[in-house]
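I opened the model to look up a loop residue, a pair of packed helices and the nonpolar core. My entries follow in the order in which I looked.

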Amino acid sequence: MVTALDVAAFILKTCGKMTAMKLQKLVYYSQAWHLVWEEKPLFKDPIEAWANGPVVPKLYNAHRGEFEVSEIPGGDAARLSAKQQASVEAVCKYYGKWTSQQLSDLTHQEAPWRDARTGIPDGERGHGEVSPAALAEYYGGLSRKAQ
């Protein structure tokens with residue numbers, strides 16, 4: 001199965017160098033919307049609700065200490081299927097023009113991240129998981145409202 005590192009590698013190949021925070025958010029939204037559109041996860045790596053928004057710890061460890069990221073060690077963009085690529089490309093087309101701070105702010109307004117941080121004060125560390133079920137439910141609801 002494709003990993004979050006593979007998805008990140010594909011995003012960087014498609015969109016070019018970006019901040020680590022923006023990359024994390026685009027990987028998050030790729031997982032969310034792929035769950036809605038294809039009714040299955042894009043990758044199995046867990047997503048956690050950190051203080052600055054959703055983060056895939058495995059991806060964080062791959063880019064730790066870097067402000068801007070241009071490649072992901074261990075990530076292979078070629079592993080994504082055509083359907084997976086289409087999901088990620090759609091996310092990049094819509095969210096790619098947003099800044100990392102705008103994407104972080106957006107995730108803070110949305111239920112999956114907020115719910116995973118229940119009981120954790122703003123700005124404090126937290127490791128609650130943002131579950132695939134929560135993503136599918138919330139973003140699926142947004143999709144139905146848009147129709």
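I began with glutamate 39, which lies in the loop between H2 and strand S2 (48–50); helices (H or I, at least four residues) and strands (E, at least two) are DSSP runs numbered from the N terminus. Its phi is near 60°, a positive value in a residue other than glycine. I noted glutamate 39 as exposed because its relative accessibility is 71%, where exposed means over 50%, buried under 20% and partly exposed in between, with a 1.4 Å probe and protein chains only.

This is a predicted model, in which local features need pLDDT of at least 70 and side-chain atom pairs count only at pLDDT 80 or more, while totals for chains, interfaces and linings use all residues. Residues are numbered from 1 along each chain as its sequence is written, and side-chain values use heavy atoms, with hydrogens and water left out.

Next I looked up the nonpolar core, meaning a set of buried Ala, Val, Leu, Ile, Met, Phe, Trp, Tyr and Cys residues joined through side-chain atoms within 4.5 Å. The largest has 42 residues, of which Ile11, Leu23, Val27, Tyr29 and Ile72 touch the most other members. H2 gives the most to this core, with 10 residues.

I then followed tyrosine 29, and, leaving aside neighbours within four places in sequence, found it in contact (heavy atoms within 4.5 Å) with Val91, Tyr95, Leu103, Leu106, Thr107, Glu110 and Tyr139.
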